[in-house]
Amino acid sequence: MSPKPGHGVRAGLVLAMSDIFEGLKAAFWLLVSLDRDLVEITLRSLQVTLSALVIASAIGLPFGTWLAIRRFRHRRTAIAVMNALMGLPPVVVGLIVYMLFSRSGPFGVLGLLFTPAAMIVAQVIIITPLIASIAHQSMRELWADYHDLLISLNTSRWQRIRTLLWDGRRALLTASLAGFGRAIGEVGAIMIVGGNIDHATRVLTTAIALETGKGDFALALGLGFVLIGLAIVVNLAIHRLSGTEREGRW
Amino acid sequence: MVETILPLVLNGAVVKRRGKRLIGPIDAEISRAGFTIVMGPNGSGKTTLLRLMHGLERLAEGAAVWQGTQIDVQKRQAYVFQNPIMLRRSVKENLAYPLLLRGAPKSTAAQTARDWAARIHLENALEQDATMLSGGEKQKLALARALIQKPDVLFLDEPCSNLDGRATREIEELLLETSRAGTRIVMATHDMGQARRLATEVMFMLHGNLHEFAPAEHFFTQPGTVQARAFLKGDIIE
Ligand SMILES: Nc1ncnc2c1ncn2[C@@H]1O[C@H](COP(=O)(O)OP(=O)(O)O)[C@@H](O)[C@H]1O
Ligand SMILES: [Mg+2]
């Protein structure tokens with residue numbers, strides 16, 4: 001007797017649904033019990049991403065602001081390059097950083113490959129152009145708005161920069177948060193340069209990729225919830241910040 | 001320190017943008033006393049002339065000569081733009097800003113800002129975001145932020161162009177008071193009634209040239225050119 005067509009498929013579906021349900025239950029339990037692996041991986045994710053964010057902001061925010069208010073010969077080229085870098089596929093960034101830090105590469109002697117440091121380097125490369133570009137756009141708008149007044153008030157260059165940074169602080173914070181959002185969810189580059197080594201370079205995204213591959217949905221989902229939670233918090237913050245900024249425009 | 005940075009003398013002053021002449025050559029002298037109104041049709045060069053005098057436009061030819069050192073010249077004039085530029089800060093911080101730039105102590109700046117807010121009837125909006133004010137309130141705030149610098153010379157570009165009667169009257173009163181207190185005012189307007197109420201002399205711009213420059217009573221009663229006569233009558237001039 002042959003089974004009805006489609007029967008096996010439906011059975012598989014039921015199995016998968018219950019798997020996911022079991023996974024959800026287990027994930028929830030991992031979360032509320034503050035599972036040691038889950039906490040460790042989450043903290044490492046935050047450590048790597050926040051380090052990259054501080055470095056990328058320290059480079060990207062002043063650079064974007066500088067591009068917005070200084071006129072120089074190759075400004076347009078610089079902006080075009082910055083925007084092009086923003087579109088770099090993270091996997092390619094990972095490959096490049098891997099080659100730079102691999103034993104035979106120019107920075108091989110540092111021995112940083114498969115350490116969090118290499119992951120930070122990769123993330124800095126990925127998010128600095130993004131942060132600089134967003135900062136550039138909003139600071140350019142602010143500068144166009146303020147230009148005549150600040151010239152008329154006879155401000156020094158330093159006073160101008162301070163005024164723009166202060167009044168543009170929300171926009172700059174928004175730029176940084178966008179960088180954080182991009183970095184925390186990135187997987188391709190840090191997988192390549194970090195190697196997803198347990199207790200060393202395993203972070204939220206790489207762990208999810210691994211556990212999913214192994215079929216251990218509980219940990220994967222638990223990590224996924226943490227990641228989604230972080231992403232939601234960051235996006236709410238961005239929304240609030242850009243929302244309050246726009247209020248004044250009505 | 002000199003007593004005043006006036007008179008301002010324009011000698012064949014020309015402003016160009018991408019090689020195209022916007023205004024000039026202009027020869028004129030802004031004397032020590034008076035209330036100068038700049039008139040003329042749209043696009044005749046009123047704004048460019050004010051910006052040129054204030055130092056916001058680079059001269060392509062000619063010169064604009066003030067008295068005194070460059071520092072004095074820059075510090076002792078203020079400008080109110082046609083579309084008031086509000087700092088994205090509170091009303092109080094907008095008023096205090098020029099004072100803080102000049103190194104005034106915070107408490108002094110805050111007190112002076114409060115006094116000025118009261119003068120323009122914004123004392124209840126001190127902590128409000130300046131970008132949220134109405135058009136008339138913004139214009140008053142921009143004017144107060146200029147006057148708080150105690151300038152020798154005040155430039156205004158059509159400060160009442162988008163305001164209703166009451167806001168216009170408030171601003172005119174403040175300007176007359178300022179003028180009586182000795183501040184030299186140069187103001188563009190295309191409101192004929194306002195020009196008659198305020199002017200002691202009129203600069204009439206046409207096609208980027210200073211077409212006529214005369215005492216107010218002279219300009220309004222017996223304009224020297226056909227075009228000025230037509231403009232005063234309200235005819236369209238090209
Ligand atoms: N940024 C600019 N670029 C090019 N042309 C300009 C610019 N600003 C003003 N103009 C031109 O200069 C002339 C004078 O303009 P403006 O001084 O604004 O006149 P008004 O204030 O009397 O209306 C006009 O023909 C205007 O089109
Ligand atoms: Mg104008």
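Colleague: Where is Val9(B) found, and how far is Val9(B) from Glu29(B) in space, C-alpha to C-alpha?

Modeller: Keep in mind that this is a predicted model. Val9(B) belongs to strand E1 of chain B, which covers residues 8–17. With a relative accessibility of 23%, Val9(B) counts as partly exposed. Glu29(B) is 20 residues away in sequence, yet the C-alpha to C-alpha distance is 4.5 Å.

Colleague: Is Lys140(B) buried or exposed?

Modeller: Lys140(B) sits in helix H5 of chain B. Its C-alpha is separated by 6.5 Å from that of Ile120(B), 20 residues apart along the chain. The relative accessibility of Lys140(B) is 9%, so this lysine counts as buried.

Colleague: Which side chain does Thr131(B) join in a polar contact?

Modeller: Thr131(B) is placed in the loop between helices H4 (106–119) and H5 (135–147) of chain B. Thr131(B) counts as buried because its relative accessibility is 14%. The contact is 2.9 Å, and the partner side chain is that of Asp129(B).

Colleague: What gives the most to the shell around ligand 1?

Modeller: The residues surrounding ligand 1 include Arg17(B), Leu22(B), Pro41(B) and Lys46(B). By class, the shell has 2 nonpolar, 6 polar and 2 charged residues. The top contribution is 3 residues, and it comes from helix H1 (residues 46–54) of chain B.

Colleague: Which residues are linked with Arg51(B) in a network of salt bridges?

Modeller: One pair is Asp148(A) with Arg51(B), at 2.8 Å from N to O. That pair crosses between chains, from helix H5 (residues 116–152) of chain A to helix H1 of chain B. Arg51(B) has 15% relative accessibility and therefore counts as buried. The residues networked with Arg51(B) are Asp148(A), Arg17(B) and Glu57(B).

Colleague: Asp167(A) and Arg89(B) meet in a salt bridge, so why does the pair join two chains, and are the residues buried or exposed?

Modeller: Their side chains meet at 2.6 Å, N to O. The pair joins two chains because Asp167(A) is in helix H6 (residues 157–167) of chain A, while Arg89(B) is in the loop between strand E5 (77–80) and helix H3 (91–101) of chain B. As for accessibility, Asp167(A) and Arg89(B) are both buried.

Colleague: How many residues apart in sequence are the parts tied together by Arg184(B) and Glu201(B)?

Modeller: The closest N and O atoms of this salt bridge are 2.8 Å apart. Arg184(B) counts as buried at 1% relative accessibility, and Glu201(B) is buried too, at 14%. Arg184(B) lies in strand E7 and Glu201(B) in strand E8 of chain B, so the pair ties together parts separated in sequence by 17 residues.

Colleague: Which element gives the largest share of the nonpolar patch?

Modeller: The patch, about 650 Å² of accessible area together, includes Ile20(A), Phe21(A), Phe225(A) and Leu236(A). Helices H1 (7–32) and H10 (217–247) of chain A each give two or more residues. Leu236(A) is in helix H10 and counts as exposed at 53% relative accessibility. The largest share, 4 residues, comes from H10(A).

Notes:
Residues numbered from 1 in each chain as written. Chains lettered and ligands numbered in written order. Predicted model: local features only at pLDDT ≥ 70, side-chain atom pairs only at ≥ 80, totals over all residues. Heavy atoms only, no water. Patch = residues over 30% accessible without salt bridge, like charges linked within 9 Å, V, L, I, M, F, W, Y side chains within 5 Å. Areas by Shrake-Rupley, 256 points an atom, 1.4 Å probe, with all protein chains shown as cover. Salt bridge = Lys/Arg side-chain N within 4 Å of Asp/Glu carboxyl O. Buried < 20%, exposed > 50% of the residue type's maximum accessible area, 1.4 Å probe, protein only. Near = heavy atom within 4 Å. Nonpolar A, V, L, I, M, F, W, Y, C, P; charged D, E, K, R; others polar. Polar contact = N/O pair within 3.5 Å; in protein donor to acceptor, adjacent residues only side chain to side chain.
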